Amino acid sequence: MKELFDDIYETYHHDLYRFIFYMVKDKETAEDLIQDVYIKILQSYHSYKGKSSLKTWIFSIARHQTIDYFRSNQRKQKHVAQLPDWNERQQHIQDTKPLPEEITVLNEDIKRLYSYLDHCTPNQKSVLLLRYIHDFSIKETANILNFSTSKVKTTQHRALKVLKTLMSEEQRGDEDDIIRR
Amino acid sequence: MTSYDDKDKKIIDMLKSLPSIDDEQSKDELYQRVIQNIESPRNIKRKKHVMLFPILATAAAFLIGLILLPGLFNEEANEANHFEKANDIQHDDEGKSADDQSNKEIHDAESDTFDTDQAAIDEHDQEERAEKVTEGDTFSSYVLKQSSESQPLVYGALPDQYAQYVIPMTFVYANAEIATDNALTSFYNELEKVLTPNEWGMGAFPIKDITFQIDMKENRVIAEVADDFSIGDGSARAYMFEKTLNMMFRPLGIQQVDFKTVSGKETIELGPFGEIDEMPIEEKGKAIYKMYYPDKATRSFLLPVPQDETIDITTGISLMKENELANDVFASIPEDVNLTASVDENVLILSVVTPEKLENDRDTQVMIEAMLMTAKDFGFTHVVVKNSGLESIGPYDVTEKIAVPKAINPIEIAQ
C-alpha cells in the first residue's frame, strides 16, 4: 500500500491538491479532502479497470469528494432545501477567508478572476479547472465529470461567459470611476 | 470545433496563469493519517489545523496591554484635557458638516439646473407609460396561479426589440386534453404561429427551422434541424438561441435538448458552442421582474432581469423600482412605495412601510405579481404581505400567505 501511495503521490499529488484547492479555495479543507481522496484511491484501486487513464480516474475521485463536501456544507446552511443541485451557484461558499499568499502576490485582474470563480456553478468551475489549469481534453474532462462531450462544451461556454461578463462589468466600473474623477 | 473570441482567450490565459498552491503538510504525515483512517474508519482522523491567527491576536493584545498599562495610571489626570479636545473636535466636525451640507446643496442646485430639461422629459415619458401600463391592458393577470387547472401549458419566449432580454410567456390551451408527449410536441412545433412579436414590440423568434420531439419520460427533447442549419454569426444570436430554448423547456422539467440533422448526423455546428450533439438546459438563476411595454405594443409583459447569484432580496427589491427607459423596461414597484423584506424558511415576508401609498388597483397588483415572480426565482415558495392596509389586491387575499406562481405571462389559446 505504501508503494502505491508513493507512486500516486509522486506523480499526481501536486495537481490533485491544486485542483481540490481551487474548487474549495481553502487550504485546510483541501488538506482534509485530499486525505479522503487517498483513502478512496487506496481502498478501491483493485476496482480500477484501466478503461480510462489513471490520472482521469484519480481526478474523478477528487471531484466526487469535493461534491460530497459541497453537499454536506449545503446541508449545514440555512435554506438548503432551496438549493436544487450541483449546478446551483456557490453563493454559500463565497470567499470569506484570507487569500493564500500565492494569490495575494498576483496582479489585480487575476485576483478578480480568482474571486469570480465563485460566481460559477461547481460544474462550471470543475470544467474550467480541468480544461485550462490541468489541460485535460474535452473527452478526458467528460470522463472525469461523467458528462457528455457536448455538456462539457456548453458548460465551458457558459462558465467563460460568466467570467467575461463579470470582468467586463468591473472594467466598466473602473472606467466610470476614472471619468467621475 | 469550439470557437473562442478575444475575451475568451484572455480569460483562458488568466486561468492558465493561476499559480500552483503548495500543500504544506508533509507526505509522511499525510500517509500516516490515511493509513490510520483505512485501518480504523470509524474514527476519522484529520490534520489538526492550528488556529494561528487567534493565538497571534491574543499575544498581540497582551503586549499592547503591557505597553499601555503605565499610561492608564495617568488617564485620570488627562481626562479633563481630553474632554476639552473632544469638544473642539466635535465643534469642528459640526462646522465641517454644515459646510459640506451647504456645498452639497449648491452642487445639487447646479446639477438640478443642468439636468432639468432631460429630467422633465424622462419624467413625463415615464408617467405617460406608467399610465399606459395601468390602463391599456385588459387581461387579468401577469401570472398563472399554482392552483390553476391543469391545462396543457406551452412555454414560449421572445427577445425584446433591443435584444437585451428574453421575455417568457405561457400559452394556456384552454380546451385541450391532458398534455401527452404528442400533444405537447405538436403545440411546440406550432409555437411560432401563436407568437406575435410585432404586436408585442419584440424581436423575431430565434428558434427557426427546428422540429421538436418531446420525451417527458426521459426529460429530453430531440431537435431535428436541416443539414445546413445555422444560428448565424455572433455571440448575441447564440445567447438568444440558448436562453430561448432554456425558457421554452425548463418549466417542463426537460433536462437536455439532443440535436440531429434530417440526414441523421448526430452533431450540429452551433456557433460559439462548437460542434455539439446536445445542450443541457441551464438551471434557473436569480432574476428580478419589471415591466416591458414598448410604445406601440398592444400589451405589456413581466420581464425577468437576470441578476448575479450573490444578490440578496432587499437589493433585488430596490432594483425593481428602477426604470430602464432606453429599453422600454419600467419599474414594477412604484418609487414612493417602500417595502422591507425578511425571511422565514421558504417564506418571504414583505412589510409595507408606506401603506398610505397603496390602493387595490392595477399598479399594486403588478407590484405583487412582480414580487411573487421575483420571490420564486430567489427560491421562496410563499410571500406574506404585512401592513398593506388592504385585505385583497387584485385576485390575491393578502391576509393569507400567497404561493409563488406556476407560470408567467399567460396567454390563453382558444382551440
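**Entry 1: a salt bridge within chain A.** I began with A:Asp118 and A:Lys25, whose side chains meet in a salt bridge at 3.3 Å from N to O, a salt bridge being a side-chain nitrogen of Lys or Arg within 4 Å of a carboxyl oxygen of Asp or Glu. This pair links distant parts of the chain, 93 residues apart: A:Asp118 sits in the loop between helix H5 (108–116) and helix H6 (122–133) of chain A, and A:Lys25 in the loop between helix H1 (2–24) and helix H2 (27–44) of chain A. For the element names I used DSSP runs numbered from the N terminus, helices being H or I of at least four residues and strands E of at least two. A:Asp118 is buried, with a relative accessible area of 2%, and A:Lys25 is buried at 8%; buried means under 20% relative accessible area, exposed over 50% and partly exposed in between, with a 1.4 Å probe and protein chains only.

**Basis of the entries.** I am reading a predicted model, in which local features need pLDDT of at least 70 and side-chain atom pairs count only at pLDDT 80 or more, while totals for chains, interfaces and linings use all residues. Residues are numbered from 1 along each chain as its sequence is written, chains are lettered from A and ligands numbered from 1 in the order in which they are written, and side-chain values use heavy atoms, with hydrogens and water left out.

**Entry 2: other salt bridges.** I searched the whole structure and noted 21 salt bridges over all chains. I then looked up B:Glu24, which forms a salt bridge with A:Lys27, the closest N and O atoms being 2.8 Å apart. That pair crosses between chains, from the loop between helix H1 (6–16) and helix H2 (27–39) of chain B, where B:Glu24 lies, to helix H2 of chain A, which holds A:Lys27. B:Glu24 counts as exposed at 59% relative accessibility, whereas A:Lys27 counts as buried at 16%. I also recorded a network of salt bridges that links A:Lys2, A:Asp6, A:Glu10 and B:Lys27.

B:Glu282 lies in the loop between strand S9 (278–280) and strand S10 (287–292) of chain B, and B:Lys243 in helix H8 (residues 235–249) of chain B, 39 residues apart. B:Glu282 counts as buried at 11% relative accessibility.

**Entry 3: helix against helix.** Which residues of H5(A) meet H1(B)? I listed A:Asp109, A:Ile110 and A:Leu113 in H5(A), which meet B:Lys10, B:Ile11, B:Met14 and B:Leu15 in H1(B), contact meaning heavy atoms within 4.5 Å.

**Entry 4: a sheet in chain B.** I traced an open sheet of four strands in the order S13-S14-S15-S18 (chain B), with mixed pairing, where two strands pair if DSSP finds at least two bridges between them. Strand S13 (339–344) and strand S18 (402–403) of chain B stand at the edges, each with a single partner strand, so one side of each has no neighbour in the sheet. Strand S14 (residues 347–352) and strand S15 (residues 382–386) of chain B pair in the parallel sense over five bridges, and B:Ser351 stands opposite B:Lys386 in S15(B).

**Entry 5: chain A overall.** I counted eight helices and zero strands in chain A. Of its 181 residues, 56% count as buried.
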